[in-house]
Amino acid sequence: MFAHTLVSALTLTANRTFGESMMRFFNLVVTRQADLRIALYEHMLLVLIPVGIAICIAIPLGILATRYRAVEIPAIGLANVGQTIPSLALIALMIPLGFGIGRRPAYIALLIYAILPILRNTFTGITSVDSSLKRAARGMGMTDLQMLWKVELPLSFPVIMAGIRTSTVIIIGTAVLAAYIGGGGLGAFIVTGLGLVRDDLILLGAVPSAILAIIADFVLGRLEEWVTPRGLKV
Amino acid sequence: MVVFEDVRKVYDDETVAVDGLNLTVEHGEFMVFIGPSGCGKTTTLQMINRLKEPTSGRILIDGKDTKDMRNVDLRRNMGYVIQEIALFPHMTVAQNICVVPDLLGWSKKQKETRTRELLELVSLDPDIYMDRFPRELSGGQQQRIGVLRALAVDPDVLLMDEPFGGLDPLTRDQLHEELKALQDKVQKTIIFVTHDMDEALKLADRVTLMRDGKLVQVDSPEEILRNPNDEFVADFIGSERRLMSPLDVLVREVMLEDLPTLRPDASAMDALRLMQEKNTDYIAITEDETFVGMLSAHRLQELRLEEDPDSRVGDADLVTVTVDSRQTMMEAVHRLAETEEHVLAVMNRRGKLVGAISRGWLPDILAKEMWPKEAAGYEMEES
Ligand SMILES: Nc1ncnc2c1ncn2[C@@H]1O[C@H](COP(=O)(O)OP(=O)(O)OP(=O)(O)O)[C@@H](O)[C@H]1O
Ligand SMILES: [Mg+2]
């Protein structure tokens, strides 16, 4: 079914000029403004909720993984395996796994996907803090928590932020696929557009999500710079 | 006081890093650990603050087993300068210095005062350096801050692991001077690791030479130079000393020891007799272990024995020019020339008389340093 719609979409864009498609797309932005606004809002929720929960889970889990090997092996292992599952497959898997369709399974699938970069970056960020700094910290009498709070976290903060940025940008793109299991968002336009063979509808989903990704990348990049401790900036 | 009792450290891979260490470092002593790379110096140091646990044996600090103390308390009360310096890059100089004060909950005001005090101690202007980050400091400045960080709460025991490694000789010398001045001022028990013999000789009260995790010799620098226990020690000293100019040797390596001594109320006749008996041209005058002055043959003549046979040595114009035993001969010679005296009293860092440098002996001393083989041969012929 995907293959069929893809083929028709391709023939369709090949038959019309890109300029024509854009004109029809701009018309659509005006006429379907209300729908676009709702879809945009839904899309943001599809990103913010999973990424927000992912931050709350992945950072503590990443920290625990640096402390206990019993956490490290399964958590980091899963993170690495999870990353290799294609995103569409993960979303589609929600149905046979018994989560059904709608927003909830979409959030769950996106959450699983969002955790991975943050978890990995938290873990590597902390473990790559120079071992001599850790020895100095312990040698001066810091407890494990003090060392985490005063040394390891400040030094790995930029890396963790980079993980959050990667995760957000990936999820903005992946959330488009949520529409296949009825998750709503900008992806709904694309899915319908592919079904109806209407490139203006496809663009109505694709362009705003691309813009969203670019803005998120920029803003989070700024934030990353801002949280980098002054002593680390060159 | 730090006491090692049969301390042994075997790593998981069965490397024996420290093998049956028995040693007492006295309160206020500057102890230098030296030995080739991998002989177990860092391991020994890290067992004191329990970054590493001994496999067997005990380490006592002021009589208390370190095992019975809480790790963090033990460490906060002990300065630690780590081999890699490891200043925290995200903290300013002031924050780095105040890591331990912070842990102990000092007030902001206390911390600021202490930071200024410490920076001034190593001649870094607090107003310029306090708010800098480590990356904005030169290597030498970073090492100074590393040392200050260890001194922040004025700990009784200071562990220093090659704190001045990888510095140019000039900066190193300067830091040595600063550390010596500091030790003179604040009397800490310092355990200092190095693999540079010159550094050891210059700083130490006693030197501990290690090889393969074992003690080879524990002695004062003078004793190690004079009576190396075995070939290994001799080689270790030798290889370090070959390229030195005779004026670069330290006063304490070549000074005259076992000085003839008299009390100030001894008669001038006694002094004359003692000089003839010992065949020297000076006598140290001390009272209750305190140095009063040096009586040279010159000054003894001025007492005019014939006219006043009852005169006391204390009445003579005694020489009170002194030189620190850790200074170089360059300084001693300079001081002799400057004061036109014939003898200098050599004091250790606690201000105790330990020896003398006499004008008459100077050529011998220099010759021995410059041509050790010939000098030794010459001595043998004579005896
Ligand atoms: N964590 C460790 N695990 C296993 N072996 C170790 C460990 N740390 C040190 N060693 C070994 O123990 C021995 C002593 O090491 P140590 O670091 O105490 O030497 P060192 O005298 O400080 O040397 P250097 O002058 O190079 O700093 C060496 O053979 C070293 O390889
Ligand atoms: Mg070492």
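This briefing walks through two protein chains and a ligand, topic by topic. The model is predicted, so to speak plainly, local features need pLDDT of at least 70, side-chain atom pairs count only at pLDDT 80 or more, and totals for chains, interfaces and linings use all residues. Residues are numbered from 1 along each chain as its sequence is written, chains are lettered from A and ligands numbered from 1 in the order in which they are written, and side-chain values use heavy atoms, with hydrogens and water left out. Chain A has 11 helices and zero strands, while chain B has 17 helices and 16 strands; these are DSSP runs numbered from the N terminus, helices being H or I with at least four residues and strands E with at least two.

**The two chains**

- Going from the N terminus, the elements of chain A read α-α-α-α-α-α-α-α-α-α-α.
- The C-alpha trace of chain A spans about 70 × 40 × 30 Å along its principal axes, and the C-alpha atoms of chain B fill a box of roughly 75 × 50 × 40 Å.
- In chain A, 47% of the 234 residues are buried, and in chain B the figure is 51% of 383 residues. Here buried means under 20% relative accessible area, exposed means over 50%, and partly exposed is in between (1.4 Å probe, protein chains only).
- The accessible surface of chain A is about 11,800 Å², with 71% of it belonging to carbon and sulfur atoms. For chain B the surface is about 18,000 Å², and carbon and sulfur atoms hold 47% of it. These areas come from the Shrake-Rupley method with a 1.4 Å probe, and for residues only the protein chains shown count as cover.
- Among contacts with a separation of 6 or more, residues 24 or more positions apart account for 76% in chain A and 62% in chain B. A contact means heavy atoms within 4.5 Å.

**Around ligand 1**

- Which residues come nearest to ligand 1? Of the 14 residues around the ligand, they are B:Ser37, B:Gly38, B:Lys41, B:Thr42 and B:Thr43. A residue is near if one of its heavy atoms lies within 4 Å.
- An oxygen atom of ligand 1 lies 2.6 Å from an N or O atom in the side chain of B:Thr42. Polar backbone atoms also take part: one of B:Gly38 is 2.8 Å from a ligand oxygen, and one of B:Cys39 is 3.3 Å from a ligand oxygen.
- On its own, ligand 1 has 630 Å² of accessible area, and the protein covers 66% of that.
- Helix 1 (residues 41-48) of chain B gives the most to the shell, with three residues.
- By type, the shell holds three nonpolar, eight polar and three charged residues. Nonpolar covers Ala, Val, Leu, Ile, Met, Phe, Trp, Tyr, Cys and Pro, charged covers Asp, Glu, Lys and Arg, and the others, Gly among them, count as polar.

**Strand 8 of chain B**

- Is strand 8 (residues 189-194) of chain B mostly covered or mostly open? Six of its six residues are buried.
- In a regular strand the side chains alternate between the two faces of the sheet. On one side of strand 8 of chain B sit B:Thr189, B:Ile191 and B:Val193, on the other B:Ile190, B:Phe192 and B:Thr194, and all are buried.
- Strand 3 (residues 30-34) of chain B pairs with strand 8 in the parallel sense over five bridges, with B:Phe33 opposite B:Val193. Two strands pair if DSSP finds at least two bridges between them.
- Strand 7 (residues 157-161) of chain B also runs parallel to strand 8, joined by five bridges, and B:Asp161 has B:Val193 as its bridge partner.

**A three-stranded sheet in chain B**

- Strands 11-12-13 of chain B, in that order, form an open sheet with mixed pairing. Strand 11 (261-262) and strand 13 (290-296) stand at the edges with a single partner strand each, so one side of each has no neighbour in the sheet.- Strand 12 (residues 282-287) and strand 13 of chain B run antiparallel and are joined by six bridges, with B:Ile283 opposite B:Leu295.
- B:Thr286 belongs to strand 12 of chain B and is buried, with a relative accessible area of 18%.

**Two more residues**

- A:Asp200 is in helix 11 (residues 199-227) of chain A and counts as buried at 3% relative accessibility. Leaving aside neighbours within four places in sequence, A:Asp200 is in contact with A:Ser21, A:Arg24, A:Phe25 and A:Leu28.
- B:Ile128, in helix 6 (residues 126-129) of chain B, counts as partly exposed at 44% relative accessibility.

Technical notes. Polar contact = N/O pair within 3.5 Å; in protein donor to acceptor, adjacent residues only side chain to side chain.
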